[in-house]
Amino acid sequence: MAKEKKNGFVAEFRQFILRGNVVDLAVGVIIGGAFQAIVNSLVNDVIMPVISLLTKGVDFTNLFIQLNGDVKYATLAEAQEAGAAVLAYGNFISAVINFLIMALVIFLLVKGINKVHSIGKKEKPAEEPAPTTKECPFCKSEIAIEATRCPHCTSEIPEAEA
């Protein structure tokens with residue numbers, strides 16, 4: 001009986017692991033990690049130097065506020081090495097820029113994939129809904145399609161019209 005439970009558990013676990021969305025999620029996480037390295041390089045090696053040039057040499061990674069005023073440190077690395085309490089807001093700015101760039105790249109990627117998927121598909125013309133009204137042959141008023149008598153002129157609607 002214990003063997004049946006074990007086989008049942010192992011089989012259930014195998015079914016869970018091999019389920020399509022779990023495998024897709026695992027692939028997404030792995031690709032996301034690799035993609036993160038590319039975006040980090042783009043931000044740190046390409047965009048941040050341009051932003052630093054535009055801001056006249058401000059290095060965002062060295063922007064920090066020292067929370068204790070005992071000793072002044074020239075760089076964030078010095079302050080962290082000394083164990084000083086610092087608020088490294090420059091790293092936060094870099095992280096926000098990194099996030100915005102990643103969101104933009106993912107948006108463009110999804111938009112491109114959606115465009116590629118829609119190229120082969122032609123939009124089907126919308127089918128006209130079945131009519132719900134008809135015209136009275138006597139008074140030309142609009143009446144319900146199931147009507148056998150016109151509510152406006154009280155004429156009986158012939159069967160051919162109904």
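**Note on the predicted model: cores, surface patch and salt bridges**

1. Leu 18 sits in the loop that joins α1 (2-17) to α2; helices (H or I, at least four residues) and strands (E, at least two) are DSSP runs numbered from the N terminus. The model is a predicted one, in which local features need pLDDT of at least 70 and side-chain atom pairs count only at pLDDT 80 or more, whereas totals for chains, interfaces and linings use all residues. Residues are numbered from 1 along each chain as its sequence is written, and side-chain values use heavy atoms, with hydrogens and water left out.

2. Leu 18 has a relative accessibility of 61% and therefore counts as exposed, where buried means under 20% relative accessible area, exposed over 50%, and partly exposed in between (1.4 Å probe, protein chains only). Leu 18 belongs to a nonpolar surface patch together with Phe 9, Val 10, Phe 13, Phe 16 and Ile 17. The accessible area of this patch is about 610 Å² in total, as given by the Shrake-Rupley method with a 1.4 Å probe, with only the protein chains shown counting as cover for residues. Patches take residues with over 30% relative accessible area and no salt bridge; like charges are joined within 9 Å, and nonpolar side chains (Val, Leu, Ile, Met, Phe, Trp, Tyr) within 5 Å.

3. Gln 15 is a residue of helix α1. Its relative accessibility is 59%, so Gln 15 is classed as exposed. Between the C-alpha atoms of Gln 15 and Cys 139 there are 69 Å, for a separation of 124 residues along the chain.

4. The largest nonpolar core has seven residues: Val 39, Val 43, Met 48, Phe 60, Ile 97, Ile 101 and Met 102. Such a core is a set of buried Ala, Val, Leu, Ile, Met, Phe, Trp, Tyr and Cys residues joined through side-chain atoms within 4.5 Å. Helices α2 (20-54) and α4 (89-119) each contribute at least two residues to this core. There is also a second, separate core of five residues, among them Cys 136, Ile 143, Ala 147 and Cys 150.

5. Within the largest core, Ile 101 may be taken as an example. Ile 101 is part of helix α4 and has a relative accessible area of 13%, so it is buried. Residues up to four places away in sequence not being counted, Ile 101 touches Val 39, Leu 42, Val 43 and Ile 47, where contact means heavy atoms within 4.5 Å. Val 39, with neighbours within four places likewise set aside, is in contact with Asn 98, Ile 101 and Met 102. From Ile 101 to Pro 137 the C-alpha distance is 66 Å, although 36 residues separate the two in sequence.

6. Which strand holds Lys 134? Lys 134 is placed in β3 (residues 133-135). With a relative accessible area of 13%, Lys 134 is buried. A polar atom of the Lys 134 side chain lies 3.3 Å from the backbone oxygen of Ile 145, and the side chain of Lys 134 also reaches the backbone oxygen of Ala 147 at 3.3 Å.

7. Thr 132 occupies the loop between α4 and β3. At 58% relative accessibility, this residue is exposed. Beyond its neighbours within four places in sequence, Thr 132 is in contact with Ile 143, Ala 144 and Ile 145.

8. How many salt bridges does the structure hold? There are two, a salt bridge being a side-chain nitrogen of Lys or Arg within 4 Å of a carboxyl oxygen of Asp or Glu. Side chains of opposite charge can pair when their charged atoms come close. The side chains of Arg 149 and Glu 156 form a salt bridge at 3.1 Å, N to O; Arg 149 is partly exposed at 44%, and Glu 156 is exposed at 54%.

9. Two backbone angles may also be noted. Lys 140, in the loop between β3 and β4 (142-144), has a positive phi of about 65° although it is not a glycine. Thr 154, in the segment after β4, is likewise not a glycine and has a positive phi of about 60°.

Note on methods
A polar contact is a pair of N or O atoms within 3.5 Å; within protein, one must be able to donate a hydrogen and the other to accept it, and residues adjacent in sequence count only if both atoms are side-chain atoms.
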